[in-house]
Amino acid sequence: KRIVILISGRGSNMEAVVRACHAEGWPAQVAAVISNRPQAAGLQFAASHGIATGVVDHTRYASREAFDEALAQEIDRHRPDLVVLAGFMRILTPAFVSRYAGRLLNIHPSLLPAFPGLHTHRRAIEAGCKIAGATVHFVTAELDHGPIVIQAAVPVLPGDDEAALAARVLAKEHVIYPRAVRWFVEDALQVDGLQVRHRTGEP
Ligand code: GRF
């Protein structure tokens with residue numbers, strides 16, 4: 001299976017997927033890492049691991065549609081079976097989402113359906129949540145609402161600020177995202193509406 005990963009910045013989730021793919025010998029390869037920001041730190045990691053990199057700079061396109069079309073062309077050069085959004089901070093058009101329907105995964109730093117959108121950790125703290133977490137889901141046209149593949153929860157501790165909670169959640173992201181991608185490339189996931197089942201019954 002061929003995986004293309006989209007990033008916008010640090011790329012620590014991308015790194016976790018690349019490392020797990022190599023270490024666990026998945027039946028897959030990360031064919032390319034593509035960023036919408038030329039300066040994204042994650043591009044260096046990818047290049048230093050022999051992975052093709054690309055940049056499609058959204059500031060150079062007049063519309064979301066034009067950007068998404070250019071992005072899709074760059075992605076499709078690598079003939080992916082799966083496109084992984086890993087800290088990719090652009091909202092995608094319905095045309096883009098439907099082009100990759102069923103093979104587009106995202107990680108979101110909240111326990112969806114709570115806190116879609118931005119500033120999830122701050123909002124969880126302000127809401128007085130005792131539990132926070134992260135969600136890997138298939139991407140559908142509605143932002144942060146697709147079928148959920150896996151979630152991880154962490155406690156919100158007294159005195160937590162946004163950074164402390166973000167770090168605790170991020171450590172879990174690095175566990176669940178590789179797991180979800182591995183299930184996908186092993187053909188272990190079955191999607192039925194919003195329900196995602198693991199064929200072997202793995203929780
Ligand atoms: C992660 O917390 C991800 O869930 C969020 O943005 C962050 C990206 O981090 N959407 P990284 O680029 O993977 O290090």
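In what order do the seven strands of the open sheet stand? The order is β3-β2-β1-β4-β5-β6-β7, and the pairing is mixed. Two strands count as paired if DSSP finds at least two bridges between them. Helices (H or I, at least four residues) and strands (E, at least two) are DSSP runs, numbered from the N terminus.

Ground rules, quickly. This is a predicted model: local features need pLDDT of at least 70, side-chain atom pairs count only at pLDDT 80 or more, and totals for chains, interfaces and linings use all residues. Residues are numbered from 1 along each chain as its sequence is written.

β3 (52-55) and β7 (148-155) stand at the edges. Each has a single partner strand, so one side of each is left without a neighbour in the sheet. From one strand to the next, the twist averages 20°. Axes here are lines fitted to C-alpha atoms, for helices over the stretch in contact, and angles run from 0 to 180 degrees between N-to-C directions.

Take one pair. β1 (residues 2-7) and β2 (residues 29-35) are parallel, over six bridges. Valine 4 has alanine 32 in β2 as its bridge partner. Helix α1 packs on this sheet and touches β1, β2, β4 (82-85) and β5. Its direction makes about 165° with that of β2. Contact means C-beta atoms, placed from the backbone, within 7 Å.

Now the ligand. 13 residues surround the ligand, and the closest are Arg10, Ser12, Asn13, Gly87 and Pro109. A residue is near a molecule if its C-beta atom, placed from the backbone, lies within 6 Å of it. Which elements give two or more residues to that shell? They are α1 (12-23), β5 (104-108) and α6 (162-185). By type, the shell has five nonpolar, six polar and two charged residues. Ala, Val, Leu, Ile, Met, Phe, Trp, Tyr, Cys and Pro count as nonpolar, Asp, Glu, Lys and Arg as charged, and the others, Gly among them, as polar.

Next, the core. The largest nonpolar core has 53 residues. A core is a set of buried Ala, Val, Leu, Ile, Met, Phe, Trp, Tyr and Cys residues joined through C-beta atoms within 7 Å. Buried means 20 or more other C-beta atoms within 10 Å, exposed 12 or fewer, partly exposed in between, with C-beta atoms placed from the backbone. Among the members that touch the most others are Ile5, Val33, Ala86 and Leu105. α6 gives the most to this core, with seven residues. Leaving aside neighbours within four places in sequence, alanine 86 is in contact with residues including Ile5, Gly11, Asn13 and Ile107.

Glycine 133 sits in β6 (residues 131-138). Buried or exposed? Glycine 133 is buried, with 24 other C-beta atoms within 10 Å.

Last, the backbone details. β8 (residues 189-192) and β9 (residues 195-198) run antiparallel, joined by four bridges. They form a hairpin with two residues between them, and glycine 193 in the turn has a positive phi of about 65°. Leucine 112 and proline 113 are joined by a cis peptide bond, omega about 10°. Proline 113 is in the loop between β5 and α5 (120-126).

Two residues other than glycine have positive phi. Arginine 79 is near 45°, in the loop between α3 (64-76) and β4. Aspartate 187 is at about 60°, in the loop between α6 and β8. Arginine 79 counts as exposed, with 10 C-beta neighbours inside 10 Å. Aspartate 187 is exposed too, with 11.

Definitions and conventions:
Two residues are in contact if their C-beta atoms, placed from the backbone, lie within 7 Å.
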